[in-house]
Amino acid sequence: MTVTESDILTAVFNALAKQGGSIGQFRIGLDAIGGYPTIAEGRVYMPRDWPVQEVDVPILKIQPPEEDKESLGKNGIQFTTKLSFEVIGEVSRKAEEDDQAAGKVLTALSLFKREIEMAVIGDPVLFGGDDPGLIQELTSVRSKMATKSDGKVHRGAVSMIFEMTYYQGTEDFQQAVVTDVNRFHLYADLINVDDPTGTYVPPMDYTPTPAPRTMGPDGRVEGEVVVDVAH
Amino acid sequence: MAIDWEAEVGAPNVAVFGGTARYYPADGSPAFDLIGVADEGFREVVIVDSLSYTSDASPVIGVNSAQFALNNWTPQQNDKVKITDPLSKMFGQSFIVKEPRPDSHGIILLILNEYETPLP
């Protein structure tokens, strides 16, 4: 299976865009929505190069990815491909006495971070459930949080850099040109000759043994099987 | 010749450009009214290095120190202020003092954050 960056990013986006009650609201809706929701409730951007305003939060931003292909050796095109991308979640809170709101922002960010982890790492499309996922290995997740009170309210952000590893080989770059196969038609024209003298036109392009003959094929099929494989 | 900057420059400026505000000392002393120059212009806030910044405002109010001396109060963190000048775009908003910044010439610039509970 060829894995592309856009497949992975789309899967990350879908994983983070789930809505329907989150840990932040002390509800988890995995069964209902097929994934883990976050307090961003669908406000997910990939990427986001417009400024975030207070009305936009809580918000999730998936930043453009970075990729690093590392060769597995000198005997052919084979790579361990490392893909990393940053997910940023932002929240805000109005100020309180003794800077207590900064601590509350941090608490909210911790919950947000946990939700992002569950949504991405727990996502079956990315990392597998019943079927194998797109990604062979999640090599690291680096997270950091920050709060700022430079503006009108406290603004906080959690940044998480996910690094994923998967294999890419020749088949990912030199892809065979293929035609869809919808049906096999198998013919059997046996070598143990049935008719030593007759002349027949075979159902496809091959040359029967000319008559008179002591061995086949005689050009007349002894049996056939049709296998329908259309989806 | 020595100049009393607050009397000559600060106080007249505040009187001309300022508007009314109600001030709530942090220790619970009675609130008092004052005149201050309130602003909340746009400010870009970068929380973490990111493709996009965060657009916010930076609310401040400048007050000459004599108005605080009159009420036996030195501005400090956790004081609260409500803008009561109906002509101000910040009218009715409640703030908490994040940082008082005296200029040593009689004007104190109070850096504000929006307060979570509306003040009376």
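Buried means under 20% relative accessible area, exposed means over 50%, and partly exposed lies in between, using a 1.4 Å probe and protein chains only. By that scale, A:Leu126 is buried, with a relative accessible area of 0%.

## Model and confidence

This is a predicted model, in which local features need pLDDT of at least 70, side-chain atom pairs count only at pLDDT 80 or more, and totals for chains, interfaces and linings use all residues. Residues are numbered from 1 along each chain as its sequence is written, chains are lettered from A and ligands numbered from 1 in the order in which they are written, and side-chain values use heavy atoms, without hydrogens and water.

The model scores ipTM 0.90 and pTM 0.78. Confidence per residue is given as pLDDT, which runs from 0 to 100. Chain A has a mean pLDDT of 86, with 93% of its residues at 70 or more. Chain B averages 94, and 99% of its residues score at least 70. One stretch of chain A calls for care. Over residues 26-32, pLDDT stays under 50. For that stretch the model has 12 contacts beyond four places in sequence. Contact means heavy atoms within 4.5 Å.

## Chain B as a whole

Chain B has two helices and six strands. Helices (H or I, at least four residues) and strands (E, at least two) are DSSP runs, numbered from the N terminus. Along the sequence the pattern reads α-β-β-β-α-β-β-β. The C-alpha atoms fill a box of roughly 55 × 35 × 30 Å along the principal axes.

Of the 120 residues in chain B, 44% are buried. Among contacts with a separation of 6 or more, 49% join residues 24 or more positions apart. The accessible surface of chain B is about 6400 Å², and 56% of it belongs to carbon and sulfur atoms. Such areas come from the Shrake-Rupley method with a 1.4 Å probe; for residues, only the protein chains shown count as cover.

Chain B carries 7 positive and 16 negative side chains. Lys and Arg count as positive, Asp and Glu as negative, while His and the chain ends are not counted. The centres of the two sets lie 5 Å apart. Each charge is placed at NZ of Lys, CZ of Arg, CG of Asp or CD of Glu.

## Helix α1 of chain B

Helix α1 of chain B covers residues 5-17. The expected span of a helix is 1.5 Å times one less than its number of residues.

B:Ala11 is partly exposed, with a relative accessible area of 25%. Leaving out residues up to four places away in sequence, B:Ala11 touches B:Glu6 and B:Asn64. B:Ala11 and B:Val63 are 52 residues apart in sequence, and their C-alpha atoms are 8.2 Å apart.

A:Leu126 sits in helix α4 (residues 124-127) of chain A. Beyond four places in sequence, its contacts include A:Ile8, A:Ala11, A:Val12 and A:Met164. A:Ala15 is 111 residues away along the chain, yet its C-alpha atom is 8.7 Å from that of A:Leu126.

A:Ser84 belongs to strand β4 (residues 78-93) of chain A. A:Ser84 is buried too, at 17% relative accessible area.

## Backbone details in the loops

Chain A has a cis peptide bond from A:Val57 to A:Pro58, with omega near 0°. A:Pro58 lies in the loop between β1 (44-45) and β2 (59-62). The bond from A:Ala211 to A:Pro212 is also cis, with omega near -10°. A:Pro212 is in the loop between β7 (183-188) and β8 (223-228) of chain A.

A:Asp99 is not a glycine, but has a positive phi of about 60°. This residue lies in the loop between β4 and α3 (100-121) of chain A, and is partly exposed at 48% relative accessibility. In chain B, B:Ser104 has a positive phi of about 70° and is not a glycine either. B:Ser104 lies in the loop between β5 (94-102) and β6, and is exposed, with a relative accessible area of 67%.

Conventions. pLDDT = per-residue confidence, 0-100.
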